[in-house]
Amino acid sequence: MDKSVFDRHHIQFDTEAKTQKEAFRVIAHAAYEAGFVKDENAYFEGMCEREKEATTGFQDGIAIPHSKHATCIKPVIFLVKFEHPIAWNALDGKPVQVALGLTIPEDGGDVHLRILSKLARKMISEEFRTALKTGTDVDALYEVIAAVEL
């Protein structure tokens, strides 16, 4: 995985979020603070709007919330592990505890689809899902995502 898309600094452990909107706020803040979105609130709103189209909650407590928006500077993945299970309306009905938040520039359609496709394919692997859910070490979590070839 290209370090410009995912780096160890893109991994966060959140102890506060208890709702989906709070989870989106955590991701939006991380993306803004890291300089990958120009407007934290616009990115947050973009994730909320995207979620209205269809759930980004996959299975086993993992979601891939994202926004393709003009505020996004470049494609990036943020991994956030939540201490509290988040109600998400996921495909399997389970709450989310791991989010892979994506920032997608408006002109980044091909990259957006490639990243989503590769991550979705990896979600088939129980080993991949388990590593994301149980990982507590930044380096180990980094290796799990960095192994996804874009």
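1. Starting with disulfides: the structure holds zero of them, a disulfide being a pair of cysteine sulfur atoms within 2.5 Å. Cys48 is in no disulfide, and the nearest cysteine sulfur, that of Cys72, is 13 Å away. Cys72 is likewise in no disulfide.

2. Before going on, some housekeeping. This is a predicted model, where local features need pLDDT of at least 70, side-chain atom pairs count only at pLDDT 80 or more, and totals for chains, interfaces and linings use all residues. Residues are numbered from 1 along each chain as its sequence is written, and side-chain values use heavy atoms, with hydrogens and water left out.

3. How confident is the predictor? pLDDT is its confidence in each residue, from 0 to 100; the chain's mean is 92, and 97% of its residues reach 70 or more. Helices (H or I, at least four residues) and strands (E, at least two) are DSSP runs, numbered from the N terminus.

4. On to the aromatics. Rings of Phe, Tyr and Trp (its six-membered ring) pair if their centres lie within 6.5 Å; planes under 30 degrees apart count as stacked, over 60 as edge-to-face and the rest as tilted. The count comes to three aromatic pairs. In one of them, the ring centres of Phe6 and Tyr142 are 5.7 Å apart and the planes are at 10 degrees, so this pair is stacked. Phe6 sits in the segment before β1 (11-14) and Tyr142 in helix α5 (residues 138-146), so the pair ties together parts that are 136 residues apart in sequence. Phe6 is buried, with a relative accessible area of 0%; Tyr142 is buried too, at 6%.

5. Another ring to look at is Phe44: Arg25 lies over its face, at 3.5 Å from the ring centre. The rule for a charge over a ring is NZ of Lys or CZ of Arg within 6 Å of the ring centre and within 35 degrees of the ring normal.

6. Last, helix α4 (residues 126-134). Which of its residues are buried? Phe128, Arg129 and Leu132 are. They cover an arc of only 95 degrees around the axis, so they are on the same side of α4; the arc is that of the directions from the helix axis to the C-beta atoms. The face turned away from the buried side of α4 carries the exposed residues Glu126, Glu127 and Thr134.

Notes:
pLDDT = per-residue confidence, 0-100. Buried < 20%, exposed > 50% of the residue type's maximum accessible area, 1.4 Å probe, protein only.
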